[in-house]
Amino acid sequence: MKLTTRGHYSVKALLDLSLQPKNRPASVKAIAQRQDIPAPYLEKLLIEMRRAGLVESMRGVQGGYKLARSPAQISLGQILESVGETIEPLPHHIPAPNQAEDWVTFTLWQRLHQKVKEALYTITLADLYYDARSWQAAQGEATSFVV
């Protein structure tokens, strides 16, 4: 698995939304500025995450995007999948039938992949939120937040 800019920006954007007081919507422009993400690119990612049911969009002056569910109900795996990140091992290798070593290493990589996948679906946005707040407190920061 390789985490691309697409996946990284998506996680940053949703973590930013999780920090909004009372789940208030945040504009694309505001998120883009806080997280140093190009606004047009962020807009495309948020549209994909809206289609996946992770965020909701609200129109109007006070509109923007907000989380569709609580941070504890959104996993990293869901975020990454919503923007088309693959979490499947690449390339798909079929071991040689007469080589024990090939089968052993193939099985090892399959087991490792399964553990990574489990971790991605176990770690939630709430976990990241508390990690970010702990880091901020350790740095003596109280208000601003940049992932």
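How exposed is W103 in terms of relative accessible area? In this predicted model, W103 comes out at 40%, which puts the residue in the partly exposed class. Its ring partner is F106, and the two rings sit edge-to-face, with 6.0 Å from centre to centre and 85 degrees between the planes. Both residues belong to helix α5 (residues 100-122), where a spacing of 3 residues leaves them about one helical turn apart. F106 is partly exposed too, at 23% relative accessibility.

Another pair brings together Y129 and Y130. Here the ring centres lie 5.1 Å apart and the planes meet at 85 degrees, so this pair also counts as edge-to-face. Y129 has a relative accessibility of 23% and is therefore partly exposed, whereas Y130 reaches 55% and is classed as exposed. The count of aromatic pairs for the model comes to 3.

The largest nonpolar core holds 29 residues, and the ones with the most contacts inside it are L14, L17, L42, L46, M49, I79 and L125. At least two core residues come from each of α1 (5-18), α2 (28-35), α3 (39-51), β2 (64-67), α4 (76-82) and α6 (125-139). Helix α1 makes the largest contribution, with 6 residues.

Setting aside neighbours within four places in sequence, L46 is in contact with L17, V28, I31, V55 and Y65.

Key: Residues numbered from 1 in each chain as written. Predicted model: local features only at pLDDT ≥ 70, side-chain atom pairs only at ≥ 80, totals over all residues. Heavy atoms only, no water. Phe/Tyr/Trp six-rings, centres within 6.5 Å; stacked < 30°, edge-to-face > 60°. Helix = DSSP H or I, 4+ residues; strand = E, 2+ residues; numbered from the N terminus. Buried < 20%, exposed > 50% of the residue type's maximum accessible area, 1.4 Å probe, protein only. Core = buried A, V, L, I, M, F, W, Y, C linked by side-chain atoms within 4.5 Å. Contact = heavy atoms within 4.5 Å.
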